[in-house]
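Hello,

Here is the structure I promised to pass on.

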Amino acid sequence: GDFQRAMTEIADTVGCGLYAYEAIPGAFGMIAACKGDLMQTLYMGVNAGSDADSLACMVGYILGALHGDGAIPRKFLTLIDRANQFDLRKMALDIDAFCQEC
């Protein structure tokens, strides 16, 4: 229940670096600490320090696949589209359509 304490303990005990022996258990530790909440886990991942950006990507992939894009606030999806000048939802639908043909 203590976000800061959980983040610090995972980072200090397991680590959150780029190496698989840190990133994988760190990612699942953060997912467990945040009870699978996508945004809370992403916040924890990006704020844990070290090379935690890789870990944050992993939790985003895992929880994004589990919860779908509905777990991401629309304002963030809009920001991603605007900053990168593309339509992320359309890209995902195009990939899905392509995979259905395979």
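(Helices are DSSP runs of H or I, at least four residues, numbered from the N terminus; the expected span is 1.5 Å times one less than the number of residues.)

A word on the source: this is a predicted model, where local features need pLDDT of at least 70 and side-chain atom pairs count only at pLDDT 80 or more, while totals for chains, interfaces and linings use all residues. Residues are numbered from 1 along each chain as its sequence is written, and side-chain values use heavy atoms, with hydrogens and water left out.

The structure holds three salt bridges, meaning a side-chain nitrogen of Lys or Arg within 4 Å of a carboxyl oxygen of Asp or Glu.

- Arg89 pairs with Asp69 (2.4 Å, N to O). Arg89 lies in α6 and Asp69 in the loop between α4 (52-67) and α5 (74-84), so the pair ties together parts that are 20 residues apart in sequence.
- Asp94 pairs with Lys90 (2.8 Å, N to O); these two are four residues apart in helix α6, about one helical turn.
- Arg5 meets Glu9 (2.9 Å, N to O), and both lie in helix α1 (residues 3-13), four residues apart.

Arg5 is exposed at 53% relative accessibility, whereas Glu9 is partly exposed at 43%. (Buried is under 20% relative accessible area, exposed over 50%, partly exposed in between, with a 1.4 Å probe and protein chains only.)

Happy browsing!
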